[in-house]
Amino acid sequence: MKRRFVKAVLAASLAVAAMSGSREARAQEIQVTGPLKGAPAVRHMRLYRKGRFEFAPTASFTLLDEYRRTLLAGARLNYYLTDWLGIGVWGAGGVWSETTTLTNEVNQYAPRNVETVINVNHTGGCPGGNCSSPTPGASPSQIGSNASFADQTAKLSYVIAPQVTFIPFRGKLAIFNKIFVDTDLSLAAGLAVVGIQERQYCGGGGQLPCYDPASFATAGQTKITWTFGVDLTFWPSNLVSFGIEYRALPFYWNPAGFDTRGGGPNGNYPDNQVNSSDDTFKFNQLVTLAVGFSFPAPKINE
Amino acid sequence: MKQARRWLLLAAALVLLPQAAYAQKKKPKGTTPAPAAPVSADADADSTPAPAAATPPPAEGSADQATPPPAGGEAGAGVGGEATGGDTGGGMDICQITPDAPQCQAAKEFNLGAEAKKTIRAEVYAVQQQYVLKGGRFEIQPFFAFTLNDQFVSHDAPGLALNYYLTQVLAVGVVGNWYDGLNSPSDFNFQLRRAAHVAIPLNDYQLSGDVNFTYVPMYGKFAGFGDFIFNYDGYIDGGLGLIRTKPISVIDPDNRLFSWNNLINFDVGIGLRIFFNRWLAATLEIRDIMYFERIESTTVATGADVPVGAMGYGPSSPTNPATWYDTNTHFTNDVQMQVGLSVFLPTSFEYALPK
């Protein structure tokens with residue numbers, strides 16, 4: 001009797017196990033044979049980037065500049081390993097710059113006297129010939145004022161940025177229900193070698209004293225930093241694309257050429273020298289417009 | 001022992017039951033049912049071989065003859081024939097029951113076999129059906145705004161926009177920001193004053209509010225990582241309102257204590273809305289609030305600083321508020337980036353037309 005009971009229980013258990021197993025298998029079967037199983041989110045999509053080279057002339061404008069705006073002309077060359085990943089380089093040179101309203105106001109209103117003699121461009125004539133230890137209240141008339149403050153402000157000279165481009169989003173855009181255009185959103189990141197023209201270092205050993213009018217001239221410097229950009233690209237045809245990119249180029253520099261730090265407690269006070277301690281962190285930003293030419297012809301996915 | 005065998009037999013039968021149901025998925029070729037008439041002919045013809053052609057016996061004609069024609073006398077119709085042929089597998093043809101059903105009407109109008117042989121040039125819109133219908137719905141849009149263009153004082157602020165969509169593309173609403181307590185003068189001002197002895201007039205904001213119209217000319221969808229699809233739209237907005245500002249006393253803080261000024265402003269913005277579902281979206285907007293700012297005078301009145309007259313100061317006294325402001329107003333752009341959420345109410349809607 002016991003044996004029968006055991007066998008009956010075993011048989012029932014097997015049946016239940018088999019039934020539950022078949023249910024699971026059935027669920028899996030639906031996953032395996034479902035009509036959309038393995039189907040891509042988008043069919044017959046033009047792969048605008050995969051296996052293609054892109055050459056794109058660019059024009060970049062700096063944003064939120066305190067003292068000087070710069071227009072950079074350049075180009076971007078990319079090769080896309082897949083439709084979502086590419087490698088390349090962007091390079092641009094400053095072709096035009098313009099001072100801001102603040103620069104013009106400093107130029108117009110900043111007094112040229114012993115208190116500003118190491119910070120604001122002038123034409124010389126320090127009182128008593130000794131500007132290294134200025135005396136508050138000394139006559140400002142003894143310092144020439146017809147030198148432009150704009151001449152000491154820094155500007156971007158060039159940028160070279162080897163970068164990786166990541167294209168996570170691809171879609172299409174309808175404008176006024178009439179214009180339809182393929183669009184993608186990409187992120188670019190990499191290193192950047194940035195050339196700048198900045199007020200030369202002064203006041204240190206072997207350097208001009210900072211009160212010397214000649215010390216307000218700018219000199220070239222190179223900054224190594226990182227950069228990233230967010231780009232929206234429109235593809236009206238297989239060959240030509242249009243892009244607009246926001247790019248950040250953060251690094252330390254001294255846009256005004258002021259002596260602001262290096263002395264006193266924690267180095268937070270002027271030290272009558274202009275050097276790297278006067279650099280401040282700026283999250284330099286640019287907007288870039290690009291016209292891209294891509295080749296060879298794009299493939300189409302399944 | 002015999003009972004155990006019965007149990008085992010029962011178990012085997014139960015195990016086989018679902019598999020038997022399963023097997024119905026793959027029928028022998030000869031009995032493959034033809035698709036019902038209303039199945040979209042263009043899609044099938046475009047992507048797969050015509051089922052009727054792929055099923056040699058029985059021929060259309062024989063199928064028609066082997067089964068009673070659907071009510072309505074459409075015996076000769078190829079589509080009807082295919083449908084009844086399929087139904088010989090055991091099902092009941094819906095056209096026999098309800099000949100007025102739309103798919104039966106559609107079947108009368110064309111021959112599926114002939115249509116399948118045609119080259120299809122289907123007109124496909126870039127976005128077949130807008131993901132979210134906005135007409136007649138309210139939008140609640142809380143956001144936080146970051147200053148983009150003022151390197152002297154940042155005016156970050158929480159804000160709220162309320163819109164009502166008159167149509168799918170046009171809305172009217174209000175938007176407001178609260179800045180007070182979050183204005184943050186930059187260290188850059190101090191450095192400039194110390195180095196060049198030039199003071200830049202600075203202003204605080206308290207609040208702003210505008211009545212806006214919103215227009216949505218763009219919409220689309222993106223495939224993320226080639227795996228998922230999200231919908232978005234782009235909008236522009238603009239309107240008229242009020243902003244309350246006051247100068248921060250920089251030039252003569254000993255004497256000048258400013259109060260809030262009410263100033264008329266115009267605002268324009270451009271935004272992007274990315275939908276998580278049909279009533280919730282993330283928003284990103286760039287908005288420019290334009291107005292004529294009253295700034296602190298960079299010159300200090302030189303009159304006697306003594307209590308004079310009923311007001312307690314003379315006309316050229318530095319304590320006279322009339323001398324505190326610059327005589328000119330200054331056109332000012334407060335450009336801000338708004339990041340927020342968009343909630344549409346009611347949360348559900350119905351399409352007027354099928355997809």
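Tutor: Start with one pair of glycines: B:G176 has B:G209 as its bridge partner in strand 6 of chain B. This is a predicted model.

Now follow strand 6 of chain B to strand 7 of chain B, residues 228-248. These two also pair in the antiparallel sense, over 20 bridges. Within that pairing, B:G220 stands opposite B:Y232 of strand 7.

Strand 6 of chain B, residues 202-224, also reaches across to the other chain. Seven bridges join it to strand 5 of chain A (residues 155-175), and the two run antiparallel.

Next, the nonpolar cores. The largest has 13 residues. A:L156, A:V159, A:A192, A:V194, A:I196 and A:L249 have the most contacts inside it. Strand 5 of chain A is one of its suppliers, giving at least two residues; strands 4, 6 and 8 of chain A each do likewise. Take A:I196: beyond its neighbours within four places in sequence, its contacts include A:L156, A:Q221 and A:W253. Another core, of 12 residues, lies apart from this one and includes A:V106, B:L192, B:A196 and B:I200.

Finally, step back to chain B. Its count is nine helices and 10 strands. Of its 355 residues, 29% are buried. Among its contacts between residues at least 6 apart in sequence, 66% join residues at least 24 apart.

Terms used. Residues are numbered from 1 along each chain as its sequence is written. Chains are lettered from A and ligands numbered from 1 in the order in which they are written. This is a predicted model: local features need pLDDT of at least 70, side-chain atom pairs count only at pLDDT 80 or more; totals for chains, interfaces and linings use all residues. Helices (H or I, at least four residues) and strands (E, at least two) are DSSP runs, numbered from the N terminus. A residue is buried if 20 or more other C-beta atoms lie within 10 Å of its own, exposed if 12 or fewer, and partly exposed in between; C-beta atoms are placed from the backbone. Two residues are in contact if their C-beta atoms, placed from the backbone, lie within 7 Å. Two strands pair if DSSP finds at least two bridges between them. A nonpolar core is a set of buried Ala, Val, Leu, Ile, Met, Phe, Trp, Tyr and Cys residues joined through C-beta atoms within 7 Å.
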